[in-house]
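This report describes the salt bridges of one protein model. Please look at the sequence and the structure below before reading on.

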Amino acid sequence: MIKKRPCKICGRWFRASNREGDRQRTCTRRECQRERHRRNCKQWRERNRYLEKEGRVRDRLIKEGGGGAVRLKVDLEAVRDSVGPEQAVLIEEIVKVLNAGARDSDLPERPKKKK
Ligand SMILES: [Zn+2]
């Protein structure tokens, strides 16, 4: 049996839905649902703040080229400023290898051998 409990947001007592059961902490009022959603989003952003930071760094350093296959265009000066000269060289070499791979995948498919 599901007991009544106070809403974590408005404090009003409510009966949890059968589907949610013990997990439901918020009543079904629109304002409370909206606030619950806002709080969950805020918590998610705080837990995943690193994603935002990574995204900003990525935007600063990398631009995708046009054309069929994806080519990486990296602002190597910005990379050097960001990680230092040794890592920048490593990154530059990795980008070369990736872009060479992208170039190869641009080649038209070879005709299949006839049996
Ligand atoms: Zn409520």
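## Basis of the model

The model is predicted, so local features need pLDDT of at least 70 and side-chain atom pairs count only at pLDDT 80 or more, while totals for chains, interfaces and linings use all residues. Residues are numbered from 1 along each chain as its sequence is written, and side-chain values use heavy atoms, with hydrogens and water left out.

## Salt bridges in the whole structure

A salt bridge is a side-chain nitrogen of Lys or Arg within 4 Å of a carboxyl oxygen of Asp or Glu. The whole structure contains seven of them.

## R5 and D22

Because R5 is in strand β1 (residues 4-6) and D22 is in the loop between β2 (13-15) and α1 (30-47), the pair ties together parts 17 residues apart in sequence. Helices (H or I, at least four residues) and strands (E, at least two) are DSSP runs, numbered from the N terminus.

R5 is buried, at 15% relative accessibility, whereas D22 is exposed, at 60%. Here buried means under 20% relative accessible area, exposed over 50%, and partly exposed in between (1.4 Å probe, protein chains only).

R29 is partly exposed, at 29%.

In helix α2 (residues 49-61), R56 and E52 lie four residues apart, about one turn of the helix. Their closest N and O atoms are 3.6 Å apart in a salt bridge. R56 is exposed at 52%, and E52 is partly exposed at 48%.
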